[in-house]
Amino acid sequence: MFRTCLKQVPINGGIEIRLLIDDKEFQAAGPAEAEKLLKQKGAFAIIVNGEPKDLSFIQSVPADSTVQGLTFESKEGKAIYRHSTAHILAHAVKELFPDAKFAIGPAIEEGFYYDFDVHQPFTPENLEAIEKRMLELIKKNTPFKRKEMSRAEALETFFRLGETYKVELLESMQDETVSTYEEGGFTDLCRGPHVPATGAIKAVKLLSVAGAYWRGDEKRKMLQRIYGTAFASGKDLKKYLELLEEIKKRDHRRLGRELDLFSINEEIGAGLILWHPNGAIIRKTIEDFWRDEHMKADYKLLYSPHMARLDLWKKSGHWDFYRENMYSPMEVEGMEYEIKPMNCPFHIAVYKTGLKSYRELPIRYAELGTVYRFERSGVLHGLMRVRGFTQDDAHIFAREDQIGEEIKKILDFTLFILNTFGFENYDIYLSTKPEKYVGTEENWKISTDALKAALDYKGLKYEIDPGEGVFYGPKIDIKVKDSLGRAWQCSTIQVDFNNPERFDVTYRGDDGKERQPIMIHRALMGSLERFFGILIEHYAGSFPLWLSPVQVDVLTIAERHIDFAREVACALRQEGVRAEENFENEKIGYKIRQSAMRKVPYSVIIGDKEVEDGGAALSLRKKSGEAIGPFTLSALIDLLKQEIKIRR
RNA sequence: GCCCAUGUAGCUCAGUCGGCAGAGCACAUCCUUGGUAAGGAUGAGGUCACCGGUUCGAUCCCGGUCAUGGGCUCCA
């Protein structure tokens, strides 16, 4: 991380500037020298008193201001750099497509985009041409010039240019004064700041083109959005493009096919998953682990049906608040039934089958419950966004005085489960009251505070997500960071004081009176389908031993080794190790390659040597190619069982 | 749902400017019995997503449907 700090200190009537660069001090005799130094250090913009400004603003920095130089290393610097690149993109488009109208072109997390209104959608060839023109504009190194004007003046200017989108933007603005930036004859409405000149941009790549609604509103015009990215050096850009390649290689849809894990079948329907044997065994392993741990944590397991009467969903409020994600009801003997989008009403029904005492609480019901939700066809995506999926759901009924403790337990439990799957970094969000909600203000406050308190107690860092809570209560969401650093939303912990009320859920208090428990909904992995997809990408299909569909391949050198090899494979299977046989009429090198391609963690090779000594000295070949051993058969079994047990 | 692109063998992809469709891998059979990431030969496999139109003739051109992919949150 590189940052430059400088402070103006008036001395002897003149101005001397003190530069702090990486905690080292530099002296500058005036703004001109300061600017030079900043440029030398790679700064292309500054922050003055917290406000981002053009580098040239250094000339007019008021005395006693704190000034920070921005380079590509900082988040703000990246955004400015890429925003400038977006303007160069717009300029290039203007030159090649003079009729194009300009919408917006912000920097985004990994790059930038610009939305255009053009008669013909851009083609990949167009993109190449535009990128080429951008490089030419960069080479010219023309300066970005800032100009300030009244909003009325800007409105007139852009109206005259026929820039209807800019006019609309200006109309929706409050500011009296606005700014434009001009570079090489191309002017764009922009708050800035920008890099000093186009030549500051060292590496650009246009990535894709897609449709995007004006202002994200599907009722408005579909514009053409060009995505691109920019980096401080060609080397960094190359690294980023390699990361994109790596992401492509890990794509769970591709690995799912290659490793024969799952498929989606057009005839069956979009967004519905077929788990193949290799995927199913992974799911079984995950489910077994999940159930065992829930039993240890004093949860009770449930099973519930896939559909229920529509009245139930009306009572639960789902029909009012969640209908757009539910399928149309089906008629059964004149009564309407609905395929379930959630499991909660069933768990409540189980709770209500008997009178509950305060002594019994908290009651924790857990279910791997399969639900169906309507997702628009355009948003479906492999295992990540589907229409039928299994939630690792649980509902906890607790007394008010137990909520804090219970949330802490859930947090611990969640992190333990996620950790087991190799996720060690998380982004945690606390979502507060949304626009559409039920329940009282007071209830919302109590439960939001309880969630907050639990997070603080655990010392977990989190961000507040205002208005993102569910209609029935606030929630904690946990996003896991995968091995490529990407964040995936999995776990959710939601407080609910709505359903107990609606369903009249009660328990008998210590004073003999009826009281209402508070319900907590929670899912750790979220959806098994999606979690599986995340795991595939996280491990790049190379699962740890405990999850691997095939744990050991037993390979033979020649036909005469088959009988003994079969004994070895059987012995492994008897001990619960997933061992497969490859006795094909192929050379050993070929069989090893087959195992490696299928990402089987271990191979055992059986030849004359092994048959002769009766398996007293077996070597294991790891999928990396490394050989370990020799082991006796029983030592090998112990080794594998141990590694499976520790889930590594 | 909307915009754009794509849909050819199990997989990855050629190809036909309209004339009965091709490769590599995978699969099958045979030869080879080979010690740590691809031995050889032969063969089978396709209603060119589906429906309709134009045409003497459509996998190719046109229209529709379905599916898949990129996006539709990041505010001058």
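Two strands are taken to pair if DSSP finds at least two bridges between them. Helices (H or I, at least four residues) and strands (E, at least two) are DSSP runs, numbered from the N terminus. The structure is a predicted model, in which local features need pLDDT of at least 70, side-chain atom pairs count only at pLDDT 80 or more, and totals for chains, interfaces and linings use all residues. Residues are numbered from 1 along each chain as its sequence is written.

An open sheet is formed by three strands with antiparallel pairing, in the order E18-E20-E19. From one strand to the next, the twist averages 40 degrees (axes are lines fitted to C-alpha atoms, and angles run from 0 to 180 degrees between N-to-C directions). Three bridges link E19 to strand E20 (residues 335–339) in the antiparallel sense. Met330 has Tyr337 as its bridge partner in E20.

Most residues other than glycine have a negative phi, and most peptide bonds are trans. The peptide bond between Leu361 and Pro362 is cis, with omega about 0 degrees. Pro362 is placed in the loop between helix H11 (344–351) and strand E21 (363–372).

Positive phi values occur at Lys599, near 60 degrees, and at Arg647, about 55 degrees; neither residue is a glycine. Lys599 belongs to the loop between helix H17 (588–597) and strand E32 (602–606), whereas Arg647 is in the segment after helix H19 (633–645). Relative accessible area is 26% for Lys599, which is therefore partly exposed (buried is under 20%, exposed over 50%, and partly exposed in between, with a 1.4 Å probe and protein chains only). Arg647, at 29% relative accessibility, also counts as partly exposed.

How values were computed:
Chains are lettered from A and ligands numbered from 1 in the order in which they are written. Side-chain values use heavy atoms; hydrogens and water are left out.
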